[in-house]
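Hi everyone, thanks for coming along. Let me put the structure up, and then I'll walk you through a few parts of it.

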Amino acid sequence: MPDQNKAPLAEAVEKHHQAGFISFHMPGHKGCAEQYPHAEQLLGQAVFDSDLTELAGLDALHAPAGVIQEAEQLAADLFGAERSWFLVNGTTSGIVAALAAAGNADGVILAERACHSSVTSGFVLSGATPYYLEEQYDEEAGIMAGVSTETLEYAFANCSGVQAVVLTHPSYYGTYSDLRGIVRIAHAHGVPVIVDEAHGAQLMFTGQGIPSAMECGADIAIQSTHKMLGSLTQTAMLHLQGSLIDARRLQHCINMVTSTSPSYPLMISLDSTRKRMAAEGRQVWDANRRRAEQAEQAIRRIPGMRCTTGFRGADGSVRSIEKSRLLIDALPLGLSGTELEAILREQFRIEAEFSDSMRVILLLGSGTSDEHMARLIQALESISAGRAADGSSGREAALRKSAGELFRLPVYVEITPRDAVTAPLEILHPEEAEGAVSAADVAVYPPGIPVLRPGERITRDILDYILRAKEAGLSVHGLIESESGFLLATAQDRQKAMIWNGYF
Ligand SMILES: Cc1ncc(COP(=O)(O)O)c(C=O)c1O
């Protein structure tokens, strides 16, 4: 029985430090924090002491065979995987590696349309062709509600050469699909399921009845341990089970996107977070669920404030939002999500995770306290008291419409993301770009979900959406700003278009 009270990597680094070595190896700071007073003040001597490299007894992340392997195996044991990898460049790197391990230029990968931009990078590295799975949009809640099993069946019936399915579980908004049903269908076709569980490392501890990706039988789950569980930013874990993905190929792909000088402080934080979650995960996440439920009740009593707690899933059933987050809106007070977020930040020193036109999303984590929750509720009460409900239902309707607009835009994949990013670039003004093929991810913030990905046709509707966002002062990533306005990066070589059309 693995001993979850151990933290093999953290203990090995501690032992190395206590042995009193002097350093003639990298890194160059040699543990002398006092030479960098600013960093010493902010990070402390201890970070410099543990910022080691792959020394004897400290193993190697690219070919783990010692304390890193032991630490990863303890993580696999806790999270229900056969094998786990520590990642030092976020879920981002795990997704890219997973797609590269599962797919190649001969096949198709089915992906949820609202997937993270790292999925695009995975398409580029693998060379696979994307087929986007249509997601349900819950008009009433104003959020994406996942992919239905019928949509997946349809995709399998209409695509040949499917190499993997990629899904997000749960989404930023705490919505999710019937992952068990999706895994069952994919496995019936002999196809692996890769789950972007960046927001779901807590699922197995919360007791909310939302199964984790590993519990649903997914082949790969990649979790941003840093987002919810408490390890340092940039850290994540990739979990693997089953035989549909070759572990050796996966190791190779992870190595391709990982520094050969991985940070020991980051890896130690993964090891010690796993240890804490093994010991206290259920308590920590039970407490957070209780906090979220109490906050939902309190918010319901605040005039003009609302909390979205449920959504209509892709299969039509009503489900609870994953309770490690709060989705709060003040639309009855005439405030958009972005405005509410700004008030919380500027007047109450409360930083939310993000906002869209309708609402603010606040994340709870392993460090959330009752005091944090009390301050939030007080702030919302105070905002409400200072503003009368203005009955601006016209504004609410407009904000709701704009929240759903992105998801109504049709997508036309013309060439593969790899062909699009490797084709010669042509930089075009918006008026010339209609009909051209994008060479870049273009995303309006909020919500930050790409409206264009490399290889997709730039349509009039998409250009209008971008223009309206610019006029509204929203930030649009992926454009080239110039004195005469913005420009779009397009793939010049249109010859390749539709060469893989036979897939559909
Ligand atoms: C759904 C989703 N997937 C993946 C990522 C990437 O995670 P990381 O920041 O750990 O690289 C994010 C980051 O925000 C995300 O929201």
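Let's start with strand 8 and strand 9 (residues 236–240), which pair in the antiparallel sense over four bridges. Before I go on, please keep in mind that this is a predicted model: local features need pLDDT of at least 70, side-chain atom pairs count only at pLDDT 80 or more, and totals for chains, interfaces and linings use all residues. Residues are numbered from 1 along each chain as its sequence is written.

A quick word on terms. Strands (E, at least two residues) and helices (H or I, at least four) are DSSP runs, numbered from the N terminus. Two strands pair if DSSP finds at least two bridges between them.

Back to the pair: Ala221 stands opposite His239 in strand 9. With strand 7 (residues 193–196), strand 8 runs parallel, and three bridges join the two. Here Asp196 has Ile222 of strand 8 as its bridge partner.

Which way do the residues of strand 8 (residues 220–223) point? Ile220 and Ile222 point one way, Ala221 and Gln223 the other, and all are buried. Buried means that 20 or more other C-beta atoms, placed from the backbone, lie within 10 Å of the residue's own. In a regular strand the side chains alternate between the two faces of the sheet.

Now the ligand. Among the residues surrounding the ligand are Asp196, Ala236, His116, His199 and Tyr172. Near, for a residue and a molecule, means that the residue's C-beta atom, placed from the backbone, lies within 6 Å of it. Helix 5 (residues 90–102) gives the largest share of this shell, three residues. By class, the shell has three nonpolar, eight polar and one charged residues. Nonpolar covers Ala, Val, Leu, Ile, Met, Phe, Trp, Tyr, Cys and Pro; charged covers Asp, Glu, Lys and Arg; the others, Gly among them, are polar.

Next, the domains, whose bounds come from an automatic or database domain assignment. For the protein chain, that gives domain 1 (284–393) and domain 2 (409–503). Their C-alpha centres lie 34 Å apart.

Last stop: an open sheet of three strands, in the order 18-17-19, with antiparallel pairing. Strand 18 (450–452) and strand 19 (475–477) are the edge strands, each pairing on one side only. Strand 17 (residues 442–445) runs antiparallel to strand 19, joined by three bridges. Val444 has Val476 in strand 19 as its bridge partner.

Thanks, and I'm happy to take questions!

Terms used:
Buried ≥ 20, exposed ≤ 12 C-beta atoms within 10 Å, placed from the backbone.
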